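Hi there,

Here is the structure I promised to pass on to you. Have a look at it first, and then read on for what turned up.

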Amino acid sequence: MKKALIVGINDYAPIGSGGPDLNGCVNDARDMANTLVICGFNPAKIKILTNQNATRVNILTYLKSMISSSVKGDSLVFYYSGHGTRVANIGSDLELDGMDEAICPHDYASAGVLRDDDFKAVLDKLKAGVNMEIIFDCCHSGTGTRKMDLGLEIDLSLEAARFIPPMLEDEFYLTYACEIESSKNAKKATSLTKALVPVAGLNHTLWAASKDNQVSMEGNISGQIRGYFTYHFCKILRATNGNIIRKTLDKQIAIALAAMGAAQTNQTESIRTEFSQKIFT
């Protein structure tokens, strides 16, 4: 069975104007849902959470439910379009262990973000033989963006980065994170290379719209605000009905982003054997 949880957040708390709102994430969620149907997903098995429904507790509740109810042979998708950020990961010894990438639910300001560690705890429950695709169209870091000369009908005045600035304490640690991590030799330098990044023991495939030192962008594509990564991800899946191996999909997305002048490079992580297998299988 194929099941999906799709999250798209334009409207951040408070409801209506006032939060760090975006414009293209609900469009992305709609496109992803329709694309999954074309790829063989039953609409009844696709749960969509947008805006004020995409709270921290709702995202975790539905994600846990989807994973716990799955059985060997199932294919699961968790898709998120919205703001991302980075937060300091303080270990039990109260020392900085590095920076966690995190996504921002609608109510992140009061309920908190969902960080790497939160997802790992849920994904550790994934049963053997269950396929899982995790797709993030958000930012994980705050390096500068550049305006792009895009080969499509783009209104650059509507271009925006999907990034929430870290809190002061996290920003302070982020400034010194590379120095701290290199001195502790705690992190491999994989984020600087274009990559299908093999990660031993990973029980899912992660599709990231940008590397962790980049931002992910949205803009007006032919009259509709869209995330650049999701636009191409869905376009290629629809053209192939999802009948495509992961490394080919990854490469075609990268080529498409480069062709439009996007200042972001997608990154895909999984165990090495998954790269040569078809998505959703």
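Let me start with the rings: those of Phe, Tyr and Trp (its six-membered ring) pair if their centres lie within 6.5 Å, and planes under 30 degrees apart count as stacked, over 60 as edge-to-face and the rest as tilted. By this rule there are eight aromatic pairs.

Before the details, please keep in mind that this is a predicted model, in which local features need pLDDT of at least 70 and side-chain atom pairs count only at pLDDT 80 or more, while totals for chains, interfaces and linings use all residues. Residues are numbered from 1 along each chain as its sequence is written, and side-chain values use heavy atoms, with hydrogens and water left out.

**The aromatic cluster**

One of the pairs is formed by Phe78 and Phe119, which are tilted, at 5.8 Å centre to centre and 40° between the planes. Phe78 sits in strand E3 and Phe119 in helix H4 (residues 116–123), so this pair ties together parts that are 41 residues apart in sequence. (Helices, H or I with at least four residues, and strands, E with at least two, are DSSP runs numbered from the N terminus.) Phe78 also pairs with Phe136: the ring centres are 6.1 Å apart and the planes stand at 90°, so this pair is edge-to-face. Here too distant parts of the chain are linked, since Phe136 belongs to strand E7 (residues 131–137), 58 residues from Phe78 in E3. Together, ring pairs join Phe78, Tyr80, Phe119 and Phe136 into a cluster.

Phe78 counts as buried at 1%, Phe119 at 8% and Phe136 at 10%.

**The sheet**

Seven strands make an open sheet with mixed pairing, in the order E2-E1-E3-E7-E10-E13-E9; two strands pair if DSSP finds at least two bridges between them. E2 and strand E9 (196–198) are the edge strands, each pairing on one side only. On average, neighbouring strands are turned by 10° against each other, direction ignored. Axes here are lines fitted to C-alpha atoms, for helices over the stretch in contact, and angles run from 0 to 180 degrees between N-to-C directions.

Helix H2 (residues 56–68) packs on the sheet, where it touches E1, E2, E3 and E7, and its direction makes about 170° with that of E1. Helix H7 (residues 246–259) packs on the sheet as well, touching E7, E9, strand E10 (205–208) and strand E13 (267–270), at about 5° to the direction of E10. Contact means heavy atoms within 4.5 Å.

**Strand E1**

Six of the seven residues of E1 (residues 2–8) are buried, so the strand is largely enclosed by the rest of the structure. Val7 has Tyr80 as its bridge partner in E3 and Leu49 in E2.

Lastly, look at Asn131 in strand E7. With a relative accessible area of 8%, Asn131 is buried. Its side chain makes a polar contact of 3.3 Å with that of Ser75; such a contact is a pair of N or O atoms within 3.5 Å, where within protein one must be able to donate a hydrogen and the other to accept it, and residues adjacent in sequence count only if both atoms are side-chain atoms.

Best wishes

Notes. Buried < 20%, exposed > 50% of the residue type's maximum accessible area, 1.4 Å probe, protein only.
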